[in-house]
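User: I've got a new model open. Can you walk me through it?

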Amino acid sequence: MTTTTKTKDVKNDSQSVADLFKVGAHFAFVRSRRHPSTKPYIFGVKNRIEIFDLEKTSAALDQALEYVKGLGAAGMSVLFVGGKDEARKAVKAGAESIDMPFVDGRWIGGTLTNFTQIRKRVMKLEDLTMQKEKGELAKYTKRERLMIDKEIENLRTYFEGLVLMKEMPKALFVIDSKKEEIAVAEAEARGIPVIALCGSDCDISAVDHAIPANDASVASITYFVNKFTEAYKAGKAAAPQK
């Protein structure tokens with residue numbers, strides 16, 4: 001590596017750390033909430049709140065994004081998962097920007113381990129929605145149409161983000177692996193790799209590609225979701241055209 005390349009890498013690393021600091025990615029939780037697996041990534045404490053070592057966070061992010069670029073290059077499907085309030089908007093927007101399925105609410109048990117049944121519910125949503133759009137529900141009574149409308153809304157609440165998931169995803173991108181522990185466990189059971197933004201209370205050993213950082217603020221979550229989608233798009237753009 002030349003001196004110029006080394007200097008450029010140092011500048012890039014410094015900028016990455018500065019960007020992470022700007023969005024508050026360094027904030028962890030109080031020490032009593034820390035999971036032992038995140039201890040190596042803690043730099044210190046400020047006002048009783050532990051602080052992530054952003055150089056280590058930056059390195060973990062870079063490694064995860066290289067993997068994401070590979071997913072993009074291969075055109076593989078990724079299921080975005082983030083149901084807490086701080087994550088929902090970013091998760092939905094990020095997934096839609098690269099035409100991927102998402103769960104931005106409560107994870108339905110069996111989404112991966114009982115995929116066939118979940119897929120049937122999604123297909124029911126698609127079928128009823130299509131009938132409504134074509135005016136085919138006019139043959140039912142007013143009461144029956146109201147009941148069908150209610151069923152459509154219920155199905156949308158839980159399954160609308162899964163319409164694009166025609167088959168099992170090749171990877172999961174999770175915000176807060178502790179909160180989404182059921183999703184992570186189902187992915188592990190199915191042998192599906194997990195990339196996750198993990199706060200200091202998460203067990204990062206349960207995740208294939210963990211990014212230890214603030215997973216509790218909108219700004220931090222949005223930053224990492226954007227980085228993920230940018231990497232996926234870059235990988236896809238660099239792939240040989242078929």
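User: Start with H7. How many residues does helix H7 have, and how far does it reach?
Analyst: This is a predicted model. In it, H7 covers residues 218-238, which is 21 residues. From the first C-alpha to the last, H7 reaches 30 Å. That is close to the 30 Å expected at 1.5 Å a residue.

User: Which residues of H7 are buried?
Analyst: Ser220, Ile221, Tyr223, Phe224, Val225, Phe228, Thr229, Ala231, Tyr232 and Gly235.

User: Take Ser220. What is its relative accessible area?
Analyst: The relative accessible area of Ser220 is 0%. Buried means under 20%, so Ser220 counts as buried.

User: And what is Ser220 in contact with, leaving aside neighbours within four places in sequence?
Analyst: Val23, Ala25 and Asn214.

User: How far is Ser220 from Lys46?
Analyst: In space, 18 Å from C-alpha to C-alpha. In sequence, the two are 174 residues apart.

User: Switch to H3. Which of its residues are buried?
Analyst: Ala87, Ala90, Val91, Gly94 and Ala95 are buried in H3.

User: What covers them?
Analyst: The cover of the buried H3 residues includes E4, strand E5 (102-103), E6 and H7.

User: Where is Ala93 relative to Gln131?
Analyst: Ala93 and Gln131 are 27 Å apart, C-alpha to C-alpha. Along the sequence they are 38 residues apart.

User: What follows H3?
Analyst: Asp99 follows H3, and its phi is positive, near 55 degrees.

User: On to charges. How many salt bridges does the structure hold?
Analyst: The structure holds 11 salt bridges. One of them pairs Glu50 with Arg34, with the closest N and O atoms 2.5 Å apart.

User: Where do those two partners lie?
Analyst: Glu50 is in strand E3 (residues 49-52). Arg34 is in the loop between strand E1 (27-30) and strand E2 (42-46). So the pair ties together parts that are 16 residues apart in sequence. Glu50 is buried, at a relative accessible area of 1%.

User: What about Asp215 and Lys84, how do their side chains meet?
Analyst: In a salt bridge, 3.8 Å from N to O. Asp215 lies in the loop between strand E8 (209-212) and H7, and Lys84 in the loop between strand E4 (78-81) and H3. The pair therefore ties together parts that are 131 residues apart in sequence.

User: Which residue does Lys132 form a salt bridge with?
Analyst: Asp149, with the closest N and O atoms 3.2 Å apart. The bridge links distant parts of the chain, 17 residues apart: Lys132 in helix H4 (residues 115-133) and Asp149 in helix H5 (residues 142-159). Lys132 is partly exposed at 42% relative accessibility. Asp149 is partly exposed too, at 27%.

User: Ser177 next. Where is it?
Analyst: Ser177 is in the loop between strand E6 (171-175) and helix H6 (181-190). At 6% relative accessibility, Ser177 counts as buried.

User: What does Ser177 touch?
Analyst: Not counting residues up to four places away in sequence, Ser177 touches Val184, Ala196, Leu197, Cys198, Cys202 and Val207.

User: Zoom out. How many helices and strands does the protein have?
Analyst: The protein has 7 helices and 8 strands. Its C-alpha atoms fill a box of roughly 75 × 50 × 30 Å along the principal axes.

User: What share of the residues is buried?
Analyst: Buried residues make up 45% of the 242.

User: Last one. How far apart are the mean positions of the positive and negative charges?
Analyst: They are 2 Å apart, for 38 positive and 33 negative charges.

Definitions and conventions
Residues numbered from 1 in each chain as written. Predicted model: local features only at pLDDT ≥ 70, side-chain atom pairs only at ≥ 80, totals over all residues. Heavy atoms only, no water. Helix = DSSP H or I, 4+ residues; strand = E, 2+ residues; numbered from the N terminus. Expected span 1.5 Å × (residues − 1). Buried < 20%, exposed > 50% of the residue type's maximum accessible area, 1.4 Å probe, protein only. Lys, Arg positive; Asp, Glu negative; His and termini not counted. Charge placed at Lys NZ, Arg CZ, Asp CG, Glu CD. Salt bridge = Lys/Arg side-chain N within 4 Å of Asp/Glu carboxyl O. Contact = heavy atoms within 4.5 Å.
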